[in-house]
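Reader: Please pick one part of this model and go through it closely. I would like to see how that part is placed and what else can be said about the chains around it.

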Amino acid sequence: MAVEMRLPVARKPLSESVGRDTKKHLVVPGDTITTDTGFMRGHGTYMGEEKLIASVAGSVERVNKLICVKALKTRYNGEVGDIVVGRITERRRSAEDELAMRGFLQEGDLISAEVQAVFSDGAVSLHTRSLKYGKLGQGVLVQVSPSLVKRQKTHFHDLPCGASVILGNNGFIWIYPTPEHKEEDAGGFTANLEPVSLADREVISRLRNCIVSLVTQRMMLYDTSILYCYEASLPHQIKDLLKPEIMEEVVMETRQRLLEQEG
Amino acid sequence: MASVALSEAEKVYIVHGVQEDLRVDGRGCEDYRYVEVETDVVSNTSGSARVKLGHTDILVGVKAEMGTPKLEKPNEGYLEFFVDCSANATPEFEGRGGDDLGTEIANTLYRIFNKSSVDLKSLCISPREHCWILYVDVLLLECGGNLFDTICIAVKAALFNTRIPRVRVLEDEEGSKDIELSDDPYDCIRLSVENVPCIVTLCKIGYRHVVDATLQEEACSLASLLVSVTSTGVVTCMRKVGKGSLDPESVFEMMETGKRVGKVLHASLQSVLHKEESLGPKRPKVGFLG
């Protein structure tokens with residue numbers, strides 16, 4: 001039994017702890033990015049009075065002649081082909097719906113789906129046309145900012161530590177025990193309600209705490225970063241990962257490993 | 001109370017986890033989340049405190065004002081509680097939505113603060129005429145589960161931080177009384193918070209009970225027990241909330257757990273408050289921009 005109380009500590013700016021050499025060019029809406037008209041404008045910018053102005057708060061990215069501003073914290077904007085994890089909040093009420101769907105999906109259920117089309121007002125239409133999408137069974141949901149989920153080829157990962165994870169582009173991360181038989185994927189519409197073993201639970205709880213630590217230190221989430229963080233957290237107890245100093249230590253080690261791997 | 005929607009499978013996962021003493025974030029059934037306490041955050045109050053427990057954020061301000069004592073207790077001052085559920089906490093509190101929860105919390109605070117919690121006689125200035133009234137205002141900034149425990153910790157910390165100016169009553173020859181405030185702004189009386197209780201909320205999930213439930217765990221629990229415990233382990237008040245039923249054996253077990261956890265909670269809070277005070281007025285203040 002543990003009750004730990006502390007005095008609050010002011011957060012340190014990240015650049016001090018990381019020691020970054022190249023400073024990012026940060027802008028806020030309305031800042032001039034450049035007066036050079038030779039650039040093509042990308043997301044997050046607009047042309048006004050012969051100069052390129054930022055329309056979101058974030059860091060400037062430049063690829064050859066294309067300048068865009070990558071926002072640090074945004075609402076999710078759907079793109080065709082994104083994988084999302086979502087919760088059903090309400091449903092269309094019609095006779096056919098009552099007869100057919102209610103047996104499979106209820107309000108409050110979690111599903112994984114792919115974005116099929118985006119409407120002009122920002123609404124997205126989803127499809128679950130393959131068996132790997134569909135209703136999600138037992139597991140843990142972690143909600144993070146969508147800007148922290150890195151775009152990759154696949155968002156369904158079976159981690160070697162014993163659990164699987166779905167990194168939704170909308171910021172909803174689903175951690176669940178790896179199903180033993182490969183035919184039953186995460187989707188389908190029948191949920192397995194058998195108790196999950198204690199070993200699997202420990203892996204899932206540890207992964208959840210690792211993801212929360214990465215998010216508090218604003219690190220991008222992808223399978224490698226989550227895996228390195230998991231391995232760095234093994235010497236600590238799962239509930240100790242909720243303490244700020246242990247979170248910092250684990251994320252620092254993850255960052256080191258990722259830099260070594262790139263360099 | 002703010003609530004989250006959960007799927008059946010998620011609820012089953014949480015319930016089974018609790019049975020095996022491994023909750024979703026790795027805590028055991030009797031572990032609290034990490035708590036941050038800071039006092040003296042609001043400058044124009046007599047005492048204030050801010051407590052953050054996971055995603056729950058509570059701000060308490062105490063203002064001491066002079067008034068007339070109640071008719072039935074002419075030698076004592078009293079406390080008035082007011083709870084404001086800000087719309088910042090959750091969209092359900094918009095407009096008048098938070099009033100019900102606010103009144104419920106305020107009524108619970110009135111019940112647990114009985115005669116022996118705070119020395120009310122020390123708040124009396126002159127019997128039947130003047131006394132100190134402590135207006136305790138609680139503001140819910142963020143709602144992340146386990147409101148009652150956090151509010152009680154914050155109220156205790158704010159009362160510990162309260163400084164009431166010392167006054168003297170001067171009587172002149174004609175018998176009219178005059179109240180004189182001491183010149184020195186640091187000359188004040190402090191309250192003893194030894195007997196102020198703390199609430200421990202125990203939520204029944206499946207066959208076991210957990211302490212410090214998150215919003216998701218609260219959604220899986222049908223019945224909870226609020227136990228108000230002093231630092232010596234004495235139970236001052238007990239209340240059951242929720243639609244489900246509890247059998248007497250569970251109630252007894254939960255009460256024992258509440259007493260145990262309550263004593264540890266008090267010890268922890270006392271040590272943090274004393275540590276903060278020992279740092280003196282020059283301590284780095286974090287406040288709201290930290």
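**An aromatic ring and its surroundings**

Author: B:Phe113 has a relative accessibility of 13%, so this residue counts as buried, the limit being under 20%. The model is a predicted one, and what follows should be read with that in mind.

Over all chains, the structure holds three aromatic pairs. In chain A, the ring centres of A:Tyr133 and A:Phe156 are 5.9 Å apart and the planes stand at 50°, so this pair is tilted. A:Tyr133 sits in the loop between strand E11 (124-127) and strand E12 (134-135) of chain A, while A:Phe156 is part of strand E14 (residues 156-158) of that chain; the pair therefore ties together parts that are 23 residues apart in sequence. A:Tyr133 counts as buried because its relative accessibility is 4%.

B:Phe113 pairs with B:Phe81: the two ring centres are 5.0 Å apart and the planes make 55°, so this pair, too, is tilted. It links distant parts of chain B, with B:Phe81 in strand E4 (residues 78-85) and B:Phe113 in the loop between helix H2 (99-112) and strand E5 (124-126), 32 residues apart. B:Phe81 has a relative accessibility of 7% and therefore counts as buried. Ring pairs also bring in B:Tyr110, so that B:Phe81, B:Tyr110 and B:Phe113 form a cluster.

In chain B, B:Lys70 lies over the face of B:Tyr78, at 4.5 Å from the ring centre. In chain A, the charged end of A:Lys150 sits over the ring of A:Tyr222, 4.2 Å from its centre.

The loop of B:Phe113 lies between H2(B) and E5(B), which leads on to the helices. The axes of H2(B) and helix H3 (residues 147-161) of chain B come within 11 Å and cross at roughly 55°. At that angle, H2(B) is oblique to H3(B). The crossing in which H2(B) passes H3(B) is right-handed.

Another helix of chain B is H5 (residues 248-278), with 31 residues. At 1.5 Å a residue, H5(B) should span 45 Å, and its end C-alpha atoms are 45 Å apart, which agrees. After H5(B) comes B:Gly280, with a positive phi near 80°.

B:Asp212 has a positive phi of about 55° although it is not a glycine. This residue is placed in the loop between strand E12 (208-211) and helix H4 (215-220) of chain B. With a relative accessibility of 0%, B:Asp212 counts as buried. A:Asn64, which is not a glycine either, has a positive phi of about 50°. A:Asn64 is found in the loop between strand E7 (58-63) and strand E8 (66-71) of chain A. Its relative accessible area is 65%, so A:Asn64 is exposed.

One more loop of chain A runs between E14 and strand E15 (163-167) and contains A:Gly162. E14(A) is the strand that holds A:Phe156. With a relative accessible area of 26%, A:Gly162 is partly exposed. The C-alpha atoms of A:Gly162 and A:Leu207 are separated by 10 Å, and the two residues are 45 residues apart along the chain.

Notes:
Residues are numbered from 1 along each chain as its sequence is written. Chains are lettered from A and ligands numbered from 1 in the order in which they are written. This is a predicted model: local features need pLDDT of at least 70, side-chain atom pairs count only at pLDDT 80 or more; totals for chains, interfaces and linings use all residues. Side-chain values use heavy atoms; hydrogens and water are left out. Rings of Phe, Tyr and Trp (its six-membered ring) pair if their centres lie within 6.5 Å; planes under 30 degrees apart count as stacked, over 60 as edge-to-face and the rest as tilted. Helices (H or I, at least four residues) and strands (E, at least two) are DSSP runs, numbered from the N terminus. Buried means under 20% relative accessible area, exposed over 50%, partly exposed in between (1.4 Å probe, protein chains only). A charge sits over a ring if NZ of Lys or CZ of Arg is within 6 Å of the ring centre and within 35 degrees of the ring normal. The expected span of a helix is 1.5 Å times one less than its number of residues. Axes are lines fitted to C-alpha atoms, for helices over the stretch in contact, and angles run from 0 to 180 degrees between N-to-C directions. Angles under 35 degrees count as roughly parallel, over 145 as roughly antiparallel, 65 to 115 as roughly perpendicular and the rest as oblique. A crossing is left-handed if the near helix is turned anticlockwise from the far one by less than a right angle, and right-handed if clockwise.
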